[in-house]
Amino acid sequence: MKILLLKMFYKHTVILTLWSVLTIAQTKIIANFVMPHGGIALAPTHFNSTNSTAIAMAWKIHDACKQVGEEIARLEPDTVFLSTPHGISDLKNFVLYLNPTADGFADTDNCNCPPCCYSASVSVDVALSQEIMNVLGYQRNVSGLSAFGPPGQSDSPFPLRWGEVIPLHFIPGLNATKVVIVSQPSRRYTQVTDMIPELLQLGSSLYSILETSSKRIVVVISADLAHTHDASGPYGYSNASEPFDEACGSWASSLESSDLLVKAASYVDKAMSCGFTGLVMLQGLMEAGNIKSWNPKLRVNYHPSYYGMMVASFDREYEKASVKQNK
């Protein structure tokens, strides 16, 4: 009887080990990150504030972005999938950029370009972008956009600004990595909560496509939080700003969906967050890949100015196991 049980245990262990190895080998989305795109994060030296606490917050955000950028570089992805709420946007559709290259600049909150010019120049993974567009075009309001020439053939780079440039600027060695960029539609300004089911479905569909790719992929969501923390800011003050940012931070710490889809959603209209749609899309993606397989980590969540900025990471259990085995 003992011999039989040992044989059964051994057989079961072998099956589990093989399943684990195969799962690791099949994992293509190796990590997800949320990064801000506010100029304060880019260069706190140009943050025009006399508030020592706010300045300290700005430096913590900047340092967290640098750490995340270095982590992405160490993961050596073939492709970075970037979602931006401030790209060249369509009224209705999510738009994928289809020029072979893209570049642009960003300035800081208190120093314009020139002299404060921070740039990013990337190669676009046009083949993967077109695959996503072809698969999802009719069912998920996904389209493509080329600038100054035919898709995939234009000699001119696709123009980028702060929503793409600032997160990309923090990632060293991007010359060896291609980028897929999706721009959130401008209807997000007025229909943000109505878009929640659609964004969850889109995230799930993106997971299916990216996970079956032959490439190692990192997902980056370019997102700032509430823009109504300060009465002197361009959008005024709302008492929804603080609870909105707290709910987003709680979600990033736990991946408890209600924190994002119920609590944060109840405040988002008054909080005026440009990043909310990207966060919901990411939730849909991670749910499709087994939400428990992601390790949530909130790095920082501050508002040194009128808008909130969060840095968060979601690495994968299987990827950690793979790295451990390789060592």
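The axes of helices H9 (residues 257-271) and H10 (residues 276-288) come within 11 Å and cross at roughly 160°. That angle makes H9 roughly antiparallel to H10, because angles over 145 degrees count as roughly antiparallel, under 35 as roughly parallel, 65 to 115 as roughly perpendicular and the rest as oblique. Axes here are lines fitted to C-alpha atoms, for helices over the stretch in contact, and angles run from 0 to 180 degrees between N-to-C directions. The crossing of H9 and H10 is left-handed; this term applies if the near helix is turned anticlockwise from the far one by less than a right angle, and right-handed applies if clockwise. On the H9 side the contact is made by Ser257, Leu260, Leu261, Ala264, Ala265 and Val268, and on the H10 side by Phe276, Leu279, Val280, Gln283 and Glu287. Contact means heavy atoms within 4.5 Å. By class, these residues are eight nonpolar, two polar and one charged. Ala, Val, Leu, Ile, Met, Phe, Trp, Tyr, Cys and Pro count as nonpolar, Asp, Glu, Lys and Arg as charged, and the others, Gly among them, as polar.

The model is predicted, so local features need pLDDT of at least 70 and side-chain atom pairs count only at pLDDT 80 or more, while totals for chains, interfaces and linings use all residues. Residues are numbered from 1 along each chain as its sequence is written, and side-chain values use heavy atoms, with hydrogens and water left out.

## The protein as a whole

The secondary structure comes to 11 helices and 11 strands. Helices (H or I, at least four residues) and strands (E, at least two) are DSSP runs, numbered from the N terminus. Of the 327 residues in the protein, 52% are buried; buried means under 20% relative accessible area, exposed over 50%, and partly exposed in between (1.4 Å probe, protein chains only). The accessible surface comes to about 15,000 Å², and 54% of this area belongs to carbon and sulfur atoms. Such areas come from the Shrake-Rupley method with a 1.4 Å probe; for residues, only the protein chains shown count as cover. Among contacts between residues at least 6 apart in sequence, 79% join residues at least 24 apart.

## Helix H8 and its partners

Helix H8 (residues 241-254) packs against H9 at an angle of about 150°, with the two axes 8 Å apart. H8 is therefore roughly antiparallel to H9, and their crossing is left-handed. From H8 the contact draws on Ser241, Pro243, Phe244, Ala247, Cys248, Ser250, Trp251 and Ser254, and from H9 on Asp259, Leu260, Lys263, Ala264, Tyr267, Val268 and Ala271. This contact has 10 nonpolar, three polar and two charged residues.

H8 also meets H10: Phe244, Cys248 and Trp251 in H8 touch Phe276, Leu279, Leu282, Gln283 and Met286 in H10. By class, the residues of this contact are seven nonpolar, one polar and no charged. H8 and H10 are roughly parallel to each other, and H8 passes H10 in a left-handed crossing.

| Helix pair | Axis distance | Angle |
|---|---|---|
| H8 and H9 | 8 Å | about 150° |
| H8 and H10 | within 12 Å | roughly 20° |
| H9 and H10 | within 11 Å | roughly 160° |

## A residue of helix H7

Ser204 lies in helix H7 (residues 196-211). With 29% relative accessibility, Ser204 counts as partly exposed. Not counting residues up to four places away in sequence, Ser204 touches Gly284, Leu285 and Ala288. Ser204 and Ala288 are 84 residues apart in sequence, yet 5.1 Å apart in space, C-alpha to C-alpha.

## Backbone features

Most residues other than glycine have a negative phi, and most peptide bonds are trans. The bond from Cys113 to Pro114 is cis, with omega near -10°, and the bond from Pro114 to Pro115 is also cis, with omega near 5°. Pro114 lies in the loop between strand E4 (101-106) and strand E5 (118-124), and Pro115 has its place in the loop between E4 and E5.

Two residues other than glycine have a positive phi: Glu76, near 50°, and Leu255, near 60°. Glu76 lies in the loop between helix H3 (52-75) and strand E2 (79-84) and is exposed, with a relative accessible area of 61%. Leu255 lies in the loop between H8 and H9 and, at 8% relative accessibility, counts as buried.
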